[in-house]
Amino acid sequence: MSETTSTAAPEKVRVRLTVNGTSHDLLVEPRTLLADLLRGDLGLTGTHLGCEQGVCGSCTVLVDGTATRSCLVFAAQLDGATVRTVESLGGVDGSLHPIQRAFHENHGLQCGFCTPGMLMGTCELLERTTEPDPDDVREALGGNLCRCTGYQNIVKSVCAAGRALAAERNGAQV
Amino acid sequence: MSTVEDRPTTATTGSPREGERRWVGRSVPRKEDPKLLAGRATFVGDVTLPGMLHGAVLRSPHAHARIVSIDTSAAEAIPGVAAVLTGAQAAELVNPMPAFCAEPVPQTAVAIERVRYPGEAVAIVAATDRYIAEDACAAIRVEYEVLPAVVDPEAAMAPDATRIHETLDSNVAFHRTLDFGDVEGDLARAHTVVRTRARWHRMGAQPMETAGAVASWDPFDKSMTVYSNSNFHNFLPWAFAGMLGVSTNRLRMIPCAVGGSFGSKHFITKVLAIAGALSKATGRPVQYLEDRVDNIAANDNVGCDRIYDAELALAEDGEMLGLTLRIIDDYGAYFQFAHGQHGNAMAQPTGPYRISSLRYDVSCVLTNKVQQGFFRGAGADPGNFVLERLVDKAAEQLGIDRAEIRRRNFIRPDQFPFKTPPGNVYDSGNYAAVLDKALELAGIDDWRAEQERLRAEGRYLGIGLATCQERTGYNASEWWFLYDNPPLPATSTPESVKMDVDAMGGVRVEVGCPLWGNSPETVVSQVVAEEFGIDPGDVSVTYADSTTGAMSAGPGGSRLTIMLSGATRGAARTIRDKMIRIAAHAMEMDPADVECVDGTFRAKGAPGTSMSMADIGMRAHLFFHDTPEDESSGLVAVHTYDHPYSTPPSADRKDMGAFYPMVSHACHIPIVEVDPETGVVTLRAYYAVNDCGTVMNPTLVEGQIVGGIVQGIGAALMEEYRYGEDGALDTPTFREYLVPSMHEVPEIVVEHLETPSPFTEYGVKGAGEGGRLVAPTAIASAVDDALKPLGVWVDELPMTPERVVGMVTDAREGRP
């Protein structure tokens, strides 16, 4: 059938990007989504796919510091970019990042599937707004869906993380 | 016939008194969190095996059609495609899906000859990556002969309606009328009979993670290993084996971390069969993970879809006498789980009230929609909605305050255990105290004043009220007792753990249930800590695969905390008793004089001489000659905790027996503001008082309740599967099927009352579904209250803006 001729794979694209501090020089198919590159080739399965159409926010990562839905971005668009995923937050000694700790202490997760997206969205928010109030949190994370928690403890967690990071900074200045 | 007196009277014998508990009842930090926060938990989509292929599914665009032909040649020619299977080809590799129904409604994971709902699988593909698998689906050519779609459940019942299954005489797959008590007499002697025709539309669980499986078939030893997010790997693995065409003792099912279920992932036989068939066809591991459209359109995601004609008979003083429920339930195209959602509803149809008679008339109707599965509430959710609406209506008609009419009819604390008309037993409760506490918590008088003030401004504030049951801890009889001759009259719902104390005193527990988003590791650790006096952080908890034989019905029916408490405590007691015997032997004492305190074993009341967990662990593992005679080496116990109190239904089904007897209770008071012009309902505040017996872990219970309430906000205001006249699914993604976001959620305040269950360890009851079982009807009550000046009566959920505007318009124009 003639359709088969259109399925020849297009030429791969070279992408150099830094993910969680490690630089990569890769050849990717033009249609490879960032989420699939992260989860597949790079083995960073902490980034989760909930809807693959940008509605749920589970796949949120930071691209050059901006919270980005990795299911809506082609890897080929990211030559030269710096990407951070949830795997960048905790320490190799098992220590939790203050944002992770705040979610733990405030019961801001249940099944944990949306959580990586919530955490990375929180990272971006706290870069802009050091001590967000609940309205700031809803404005920033209102597009991230969670089906377990009812959100109340997520909002609490993010506010607490803001306070903890601010206290850490103040402590460091003393 | 069973009686209430058959119950176990002191299931909690030997439990420490409440004041003595150190870990049960505390907000112990959740042990499941770190791996989830770090992104290191293994979900089924994270599983990778050498040589693994990826599956994709071609789905029917039509609600009802005959498959004339399928041409897979172009798909097979695409580089990277390893297998393309039609329904007929898949049926040579795997068997039809197991079903609980007695009626002949066969279902295969991939349709053969005919599709019966939009999104039904027509062909499946395995390829080297998902992109190529989806390319291949797009290259498959299917010719359909479109058949008339049956969409309206009432029209589907007509004798001349297009038949969904030729194997049935009618689209009414099941009908039964059951009377309990003197229904006719109660109707006849009633002063008032209030009636409603209510509509509860189909909604879906919509967990953030879809269903999936990785199947790996070994053609040489005829074994299969399956990773999945199913729950029943340790309950019904033999049923999966039958479907997959694998010997029961050669199927190994491995649980993964699960990204939410809410009832939708118990079986997931479709994804298991699809991955299994593709692995058998290719001889390689195959991962099939639904995308969101697959999950919404074709998973077992869908809850009840009911039309109620309901009547509540009352005496002049508001005493509730009898209840009649005539229910049409749209089951969709298949009947895999039979009428389980109605068996479930029989646990509490008369709510917290002393209603002495019940008529339950149910018609399960088949249409061209995806089949019903299970969704948090599991059949009792619309029941609560309708009953509470009737009670509000009765209060209105009789001129009795809606709190007062409830108070007059509540089962009193001295009436427990209370046998309900259908036979289920309620263990304990204090409903009036819950109501009083909720009214106080909400500050009702202040909100009434606010309502007055806003009404003067032309704004519509409403105060809702609902007092509902949450049946918890089910027994399997609910699956089948509506049949006279059930195909599988099972009566087991076990939960097991395997515990061991190693030679260095480390405690490890392997649970049979999966991690479904709840907190089995934390609960188990709290119980172990309670029984040994050690720190819960020191307990290691892992998850058993299906080869250990540890039976587990897992999370469902708000049972897991009850059942894990029983299983863990049982195992801990077995091991602790053995350790006491070994310690007594070593210290040359009578075992009766040895106690376990703070992880050490010592003479009762004389802490001088003691042995540590490690002392006894080493002795038990390596020093056979130094342990008591007849004592085997090691410290291992498997404990299976069966349902703490269940009785069989009577043969004539006049008494369904006790099958859901741990009954929690809640009163919810939501505050809403309604804009009658736009139809938008805004939650201003939400108050809930809950009694789930002894609270195992306050923080985690509150998390369950708040999460359930927010799903209830979705049920009340936005969630609905919508179908076009041609049967097309109009809500196949999260863009059309709306779930609540942070923006729809008010501050939710939760408080507790604790009426321990006499049937369970520590007195715990379940709490997993309560939020969603109460919130929809409470919010309906609030919208009613808001729009009372306009004469609106809410009898249909969800109250979308369109429906609210429609109700306001109808009321203004005097239409019913």
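This dialogue walks through some features of a predicted model.

User: What should I know before reading this model?

Analyst: The model is predicted: local features need pLDDT of at least 70, side-chain atom pairs count only at pLDDT 80 or more, and totals for chains, interfaces and linings use all residues. Residues are numbered from 1 along each chain as its sequence is written, while chains are lettered from A and ligands numbered from 1 in the order in which they are written.

User: Which residues of chain A belong to domain 1 and which to domain 2?

Analyst: Domain bounds come from an automatic or database domain assignment. Here, domain 1 of chain A covers 10-88 and domain 2 covers 98-173. Their centres, taken over C-alpha atoms, are 22 Å apart. Two residues are in contact if their C-beta atoms, placed from the backbone, lie within 7 Å. By that rule, domain 1 of chain A gives 15 residues to the contact and domain 2 of chain A gives 13.

User: Which element gives the most to the side of domain 1 of chain A that touches domain 2 of chain A?

Analyst: Elements are DSSP runs, numbered from the N terminus: helices (H or I) have at least four residues, strands (E) at least two. On this side of domain 1 of chain A, strand S3 (60-63) gives the most, with three residues. Strand S4 (66-69) of chain A also gives two or more.

User: How do the residues on that side of domain 1 of chain A divide?

Analyst: Ala, Val, Leu, Ile, Met, Phe, Trp, Tyr, Cys and Pro count as nonpolar; Asp, Glu, Lys and Arg as charged; the others, Gly among them, as polar. This side of domain 1 of chain A has six nonpolar, nine polar and no charged residues.

User: How many residues of chain B are in contact with chain A?

Analyst: The contact joins 45 residues of chain B to 43 residues of chain A. On the chain B side, H18(B) has the largest share, seven residues. That side divides into 24 nonpolar, 12 polar and nine charged residues.

User: At what angle do helix H7 and helix H8 of chain B cross?

Analyst: Axes are lines fitted to C-alpha atoms, for helices over the stretch in contact, and angles run from 0 to 180 degrees between N-to-C directions. The axes of H7 (residues 237-244) and H8 (residues 269-282) of chain B come within 10 Å and cross at roughly 45°. Angles under 35 degrees count as roughly parallel, over 145 as roughly antiparallel, 65 to 115 as roughly perpendicular and the rest as oblique. H7(B) and H8(B) are therefore oblique to each other.

User: Which residues meet there?

Analyst: From H7(B) come B:Phe240, B:Met243 and B:Leu244; from H8(B) come B:Thr269, B:Leu272, B:Ala273 and B:Gly276. Five of these contact residues are nonpolar, two are polar and none is charged.

User: Is A:Tyr151 buried or exposed?

Analyst: A residue is buried if 20 or more other C-beta atoms lie within 10 Å of its own, exposed if 12 or fewer, and partly exposed in between, with C-beta atoms placed from the backbone. A:Tyr151 is buried, with 27 others within 10 Å. A:Tyr151 has a positive phi of about 75° although it is not a glycine. B:Asp598 also has a positive phi, about 50°. B:Asp598 counts as partly exposed, with 13 C-beta neighbours inside 10 Å.

User: Which peptide bond has omega near -5°?

Analyst: The bond from B:Phe416 to B:Pro417, which is cis. B:Pro417 lies in the loop between helix H12 (402-409) and strand S16 (418-419) of chain B. The bond from B:Leu797 to B:Pro798 is also cis, with omega near 0°.
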